[in-house]
Amino acid sequence: MSRSAGSRAAGAERTRQSLLAAAAQVFVEQGVQAPIRDIAGRAGVGLGTVYRHFPTRAELVVAVYRHQVDECARLAADLAGSPRPGEALSRWMDAFVEFLVTKHGLGAALQSEDPSLQSLHSLMLDTLVPACASLLDAATARGELDPDVTAYTLMRAVGNLCILGPGYDREHARAMVARLLAGCRTIMPPDGPVAA
C-alpha cells in the first residue's frame, strides 16, 4: 500500500471512530432514532460522510453497539486475572450497568423487525455472556460467589434492574444491582475459603 493510500485509510478510520463516538453520545441523549444530521453535526462532518461510512441507520446502530459490547468484553479480559475476583466482577458489573442505562432506544432496536438489527441481541449474548461467565467462574472458584449463579441469569436480572423510568434513575439501578450482587455472594468463613 502506498504512503498516500495508507494515509487515506488512516484518515477514514479516524472519521469512522469519530462518527461512532458522536453517534454513541447522540443515542444516549436522544435514542437510536435521533436525526442523522445531529450525529453528523456532533462529529463535524457532512451527511454524505455519515452515509459513506454507514449507508443505513441500522448499520450505524449495530456498529455503535458492537464497539461498546467489545469494550465491555475487553474489560472482562483485563479483569480476569484479578487476585480479588469478587471485586473484579463488581467492577465489570458497574461497566455493564453503565452500558445498559445509557442505551436509550436499545430495547426498541433489539425488538425491531429490521433484520439488520436482529444481530444486536445475539451479539450481546455471544460476547457478553462468556465475558461475564469468566469472571463468575473465578469468583466461584475462590468461594466468593454462590455456584448456582449463572452468567445468563445474572445478566438478565441486571438488565431488568436497569430499566429506567420516572422515579427510578441510574443511581437507583446501580444500588439495586449492588444489592443483587451482595445476595449472590457466599458467606466466607473467618479463615477464608474452605479447601476443596
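Student: How many cavities of 30 Å³ or more does the structure hold?
Tutor: The structure holds one such cavity. A cavity here is a set of points on a 1 Å grid over the protein atoms alone where a 1.4 Å probe fits but cannot get out. This is a predicted model, in which local features need pLDDT of at least 70 and side-chain atom pairs count only at pLDDT 80 or more, while totals for chains, interfaces and linings use all residues. Residues are numbered from 1 along each chain as its sequence is written, and side-chain values use heavy atoms, with hydrogens and water left out.

Student: How much space lies in the largest cavity?
Tutor: About 30 Å³, a volume being the space filled by probe spheres set on the grid points, which are joined across faces, edges and corners.

Student: Which residues line the largest cavity?
Tutor: Ala24, Phe27, Val28, Val64, Tyr65, Gln68, Thr102 and Lys103 form the lining; lining residues have an atom within 4 Å of a point. Five of them are nonpolar, two polar and one charged. In this scheme Ala, Val, Leu, Ile, Met, Phe, Trp, Tyr, Cys and Pro are nonpolar, Asp, Glu, Lys and Arg are charged, and the others, Gly among them, are polar.

Student: Which helices each supply at least two residues of that lining?
Tutor: Helix 1 (3–30) and helix 4 (57–79) do. Helices are DSSP runs of H or I, at least four residues long, numbered from the N terminus.

Student: Turning to tryptophan 92, where is its place?
Tutor: Tryptophan 92 belongs to helix 5, residues 85–101.

Student: Why does tryptophan 92 count as buried?
Tutor: Because its relative accessibility is 0%; buried means under 20% relative accessible area, exposed over 50%, and partly exposed in between, with a 1.4 Å probe and protein chains only.

Student: What does tryptophan 92 touch?
Tutor: Not counting residues up to four places away in sequence, its contacts include Cys72, Leu128, Cys132 and Met155, where contact means heavy atoms within 4.5 Å. Tryptophan 92 and cysteine 72 are 20 residues apart in sequence, and their C-alpha atoms are 7.6 Å apart.

Student: How many disulfides are there?
Tutor: The count is zero, a disulfide being a pair of cysteine sulfur atoms within 2.5 Å. For cysteine 184, the nearest cysteine sulfur, that of cysteine 132, is 9.8 Å away.

Student: Is cysteine 184 buried or exposed?
Tutor: Cysteine 184 is buried, at 10% relative accessibility.

Key. 1 Å grid on protein atoms, 1.4 Å probe; cavity = no way out; pocket = protein on both sides within 12 Å on 5 of 7 lines; lining within 4 Å.
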